[in-house]
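Could you take a look at this chain with me?

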Amino acid sequence: MNRSIKLAGLVTGVSLAAVVAGTLVAAQQTPTLASASDGGVKPIDSVSKSVQPPSTTPSTPSTTPDGEIKQTIDLTKLKQGAAPTTSYVDGRTVHVGGTKFTLPASDGEVWDVARTGNGGALVLHRPNQNGNAVLTAWSGGTSGESIKDVSTVRSGDNLASSAYAVQPTNSEGTELPRFTLVWRDNPSGEKYSIERTGEHGPIVHAVQGSEVYFSALNKSEKQTLYKWIAGEDAPKPIAAVPTPSAVSSDLQLGASIVSTTDDGSCTALVEIASARKRWATCEYAIDELPAKSPYALGGPAYRDGYGDGLFAALDLRTGKAVREWSGGSKVAIISTTMEDADHVLVLAEQGDKTAIARCAPKTGTCELATPLKKGTGHTDSRPYQLGN
């Protein structure tokens, strides 16, 4: 599940049926691509060159996995590898690259962490179990400004800028039809913002420099993708990606949900500038499109219940799965993110324990990025959280 949209299923006042592909999507009829109707795909011309990943230990089955597309993870059989290079939370300690800092217990549950460079981070947390989330800026191990009612946060690849949305709610926790989108220059802390009325459920999908791609729902629950340049008075709608589940971190590609049914969804990969549809798939939902990677990160096309049953790396040329990892009957997939161009991090639970694992699509191998620890979300004592 994409890190910028992990909170989608937690937002109150929105029906569960609207939560598709890890993001809030409108309950609307959209044109279905011919290629999407049978799960087929349309190839594209080029793909980023894959870089040889470091060796990792194999996931089950124990045979050489290179030729096996579908595999099953067993956390208890994975060897320990290096710690995640992206941000993550271990207990009350936030790890951001080579630095770490400890959150006070009063900050409550941590929902997301967005890096801001030089060991800094924007931490999205919920101090009160029944309250809204708060975003707190950290730098040099010291907390700074805190902003209430923040629902989504994301940083750009170079960490120079971030964006977040302030979504107020009523006393019952239902989102009000207005929100504020904020762009932040991380080195200086300078901010620009815009107010939006008649919309709710904002999601920041991607940030690059002063450009922000975000989506929101109108009163009819129709989702629209927008491009906003910090300092401008209003955003511009992006018609090429009408129901987005992801935008690439270089702002070149978008994943658009072209149809939804009770059994799942179909998603198309779209070139934003030209509106050209590269391919479509009804087998997976597209959650993340990392720049300079040959893969799109996906999850199941139908999501329901606790966690996901699988995650997959799709070939950006064809939309076909290069590798699919299933949790089987033992492992619940809680969230995923691309650690780099060639590795996926997965937060997963098995039995009464949780770990962050690292999997390599090219080889199919997996290893533990954090030790397997006691605690799960079922008991509200999950020991880890993934950031972005």
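Predicted model: local features only at pLDDT ≥ 70, side-chain atom pairs only at ≥ 80, totals over all residues.

Modeller: Residues are numbered from 1 along each chain as its sequence is written, and side-chain values use heavy atoms, with hydrogens and water left out.

Colleague: Thanks! How many helices and strands does the protein have?

Modeller: Helices (H or I, at least four residues) and strands (E, at least two) are taken as DSSP runs, numbered from the N terminus. On that basis the protein has zero helices and 32 strands.

Colleague: And what percentage of the residues of the protein count as buried?

Modeller: Buried means under 20% relative accessible area, exposed over 50%, and partly exposed in between, using a 1.4 Å probe and protein chains only. The protein has 388 residues, and the share of them that counts as buried is 57%.

Colleague: In what order do the strands of the four-stranded open sheet run?

Modeller: Two strands pair if DSSP finds at least two bridges between them. The edge strands, each pairing on one side only, are S15 (199-208) and S18 (236-237). The pairing is antiparallel, and the order is S15-S16-S17-S18.

Colleague: Is S17 largely enclosed or open?

Modeller: S17 covers residues 223-229 and is joined to S18 by two antiparallel bridges, while S16 (residues 211-218) pairs with S17 over seven bridges. Because five of the seven residues of S17 are buried, the rest of the structure leaves this strand largely enclosed.

Colleague: Which residue in the turn between S17 and S18 has a positive phi?

Modeller: Across this pair, Tyr226 stands opposite Pro237, and Lys227 has Lys236 as its bridge partner. The two strands form a hairpin with six residues between them, and the turn residue with a positive phi, of about 105°, is Gly231.

Colleague: How many residues lie between S9 and S10 in their hairpin?

Modeller: S9 (residues 134-139) and S10 (residues 142-148) run antiparallel and are joined by five bridges. Leu135 stands opposite Ile147 in S10. Gly140 in the turn has a positive phi of about 60°, and the number of residues between the strands is two.

Colleague: Is Thr267 buried or exposed?

Modeller: Thr267 sits in strand S21 (residues 264-271). Leaving aside neighbours within four places in sequence, its contacts (heavy atoms within 4.5 Å) include Ser245, Val258, Trp279, Tyr284 and Ile286. With a relative accessibility of 0%, Thr267 counts as buried.

Colleague: What is the relative accessible area of Thr376?

Modeller: Thr376 is placed in the loop between strand S31 (373-374) and strand S32 (384-386). Beyond its neighbours within four places in sequence, Thr376 is in contact with residues including Glu349, Asp352, Lys353 and Arg382. Thr376 is buried, at a relative accessible area of 5%.

Colleague: Which residues are linked with Glu271 in a network of salt bridges?

Modeller: A salt bridge is a side-chain nitrogen of Lys or Arg within 4 Å of a carboxyl oxygen of Asp or Glu, and the count comes to 14. Glu271 is buried, at 16% relative accessible area, whereas Arg276 is partly exposed at 32%. The closest N and O atoms of this pair are 2.8 Å apart. The network links Glu271 with Arg276 and Arg278.

Colleague: Which residue forms a salt bridge with Glu367?

Modeller: Both partners in this pair are buried. Their closest N and O atoms are 2.7 Å apart, and the partner of Glu367 is Arg358.

Colleague: Last one: which strand gives the most residues to the lining of the second largest pocket?

Modeller: A pocket is an open set of points on a 1 Å grid over the protein atoms alone, where a 1.4 Å probe fits, with protein on both sides within 12 Å along at least five of seven lines; lining residues have an atom within 4 Å of a point. This one is lined by 24 residues, with Arg115, Asp157, Ser249, Glu288 and Met338 nearest its centre. Strands S11 (150-155) and S27 (331-340) each give two or more residues to the lining. With four residues, the strand that gives the most is S27.
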